[in-house]
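Student: I am new to this one. Could you walk me through how its parts meet?

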Amino acid sequence: MSRFITTEEVANQLHIHQNTVIRYIQQGKLPAVKVGKGYRIKESDLSAFVGEVEPVDEGARVLVVANQKGGVAKTTTAVNLAASLGAAGKRILLVDLDPQSGCAVCLRIDTSTLQRTIYDVLVHSAVDVAKVVIKTNSGFDLVPSNIDLAGAEVELKQVLAQESVLRRRLQPLIGQYDCVIIDTPPSLGILTVNALTAAKQVLIPVSCEYMALRGLKMLLDTISDVQSVTNPNLKILGILATRFDQRTLNSRDVYTYLSDFCDREGIKLFNQVVKQSVRFAEAPTSGKPLVELHPELDGAKAYQQVAEEILHG
Ligand SMILES: Nc1ncnc2c1ncn2[C@@H]1O[C@H](COP(=O)(O)OP(=O)(O)O)[C@@H](O)[C@H]1O
Ligand SMILES: [Mg+2]
């Protein structure tokens, strides 16, 4: 038989405020019985609620940049798209879900002194996500991470519906932005699954080198699991070839393979290819994304065009 729990327990399990739970009850979204001045919720009703409701807010587009391989330009892509879309007048929030805090590194923001980061938002239900947002100098806002986030994988295991914590916790902010971009760590663990569960679309950067292709099938399997269990609305926006070096046969071979792979799987391969350029690695020393620092360079143009396609495509 299903146990009855209090609104406070629901709030703790879902990492939301108790008032939000009461609002869900009063709106008829979450079944409950009145006991004295409070409510009691059947655990089975809560499980059904977590599984069925809370769709991603229609207001904002949530785009996750994912690939479990490191060094394929996830962070570079997330930061340059955020800056390009911000420059186009869109309200953009970049969420860093990598404990290495690559987004902050690219923007020269020191995260070691931050009182609160995305880690606190995910793990402590009392922390309001809006309080963690930083305004950057590059035309978008950032929810930063720091190394604390490395512990979240374990801590989230104790939370009910651990795959959808990020989706629930971002909800209050989503209406304030045109697009939320989520950068992910190089793994397919609970943080990446949270990002995929919170998103409408996933963009997959693939570096043009042989090893980069090996994990692609596994990533697509994870996306498919997320689609069937926690987020049926998730769509693959496309694969973006990065770090392409025209001079090498290797790069050209990988691109051809990638193109065939996308045809076979029915996945869009972006026409734009981000070329290998040392300027990308240099940009973080200035604290600016390449699209802002050198918008005239090929690499920056590729990201501007992808952003354009995201806006109008
Ligand atoms: N097109 C590119 N050409 C050359 N270097 C690049 C390019 N894109 C990214 N990089 C560099 O490659 C490294 C890894 O990129 P990063 O975006 O951090 O990858 P990830 O987030 O997937 O681990 C960084 O030093 C970055 O500056
Ligand atoms: Mg990264």
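Tutor: Gladly! In this predicted model, the centres of domain 1 and domain 2, taken over C-alpha atoms, are separated by 33 Å. The domain assignment gives 4-52 as domain 1 and 61-312 as domain 2.

Student: How many residues of each domain take part in the contact?

Tutor: Eight residues come from domain 1 and 13 residues from domain 2. They count as being in contact because heavy atoms lie within 4.5 Å.

Student: What is the area buried between domain 1 and domain 2?

Tutor: About 790 Å², with carbon and sulfur atoms giving 57% of that area. On the side of domain 1, Gln13, His15 and Val50 supply 67% of what this domain buries against domain 2, more than any other three residues.

Student: How many salt bridges are there between domain 1 and domain 2?

Tutor: The count is zero. A salt bridge needs a side-chain nitrogen of Lys or Arg within 4 Å of a carboxyl oxygen of Asp or Glu, so no pair between domain 1 and domain 2 is counted as one. The rule for polar contacts does find one residue pair across the interface, both at pLDDT 80 or more.

Student: Which helices each supply at least two residues of the side of domain 1 that touches domain 2?

Tutor: Those are α1 (7-14) and α3 (43-52). The largest share, four residues, comes from α1.

Student: What makes the residues on that side nonpolar, polar or charged?

Tutor: Their residue types decide it: Asp, Glu, Lys and Arg count as charged. The side of domain 1 that touches domain 2 has no charged residues, but five nonpolar and three polar ones.

Methods. Residues are numbered from 1 along each chain as its sequence is written. Chains are lettered from A and ligands numbered from 1 in the order in which they are written. This is a predicted model: local features need pLDDT of at least 70, side-chain atom pairs count only at pLDDT 80 or more; totals for chains, interfaces and linings use all residues. Side-chain values use heavy atoms; hydrogens and water are left out. Domain bounds come from an automatic or database domain assignment. Buried area is the accessible area (1.4 Å probe) that two parts lose on being put together, summed over both. A polar contact is a pair of N or O atoms within 3.5 Å; within protein, one must be able to donate a hydrogen and the other to accept it, and residues adjacent in sequence count only if both atoms are side-chain atoms.
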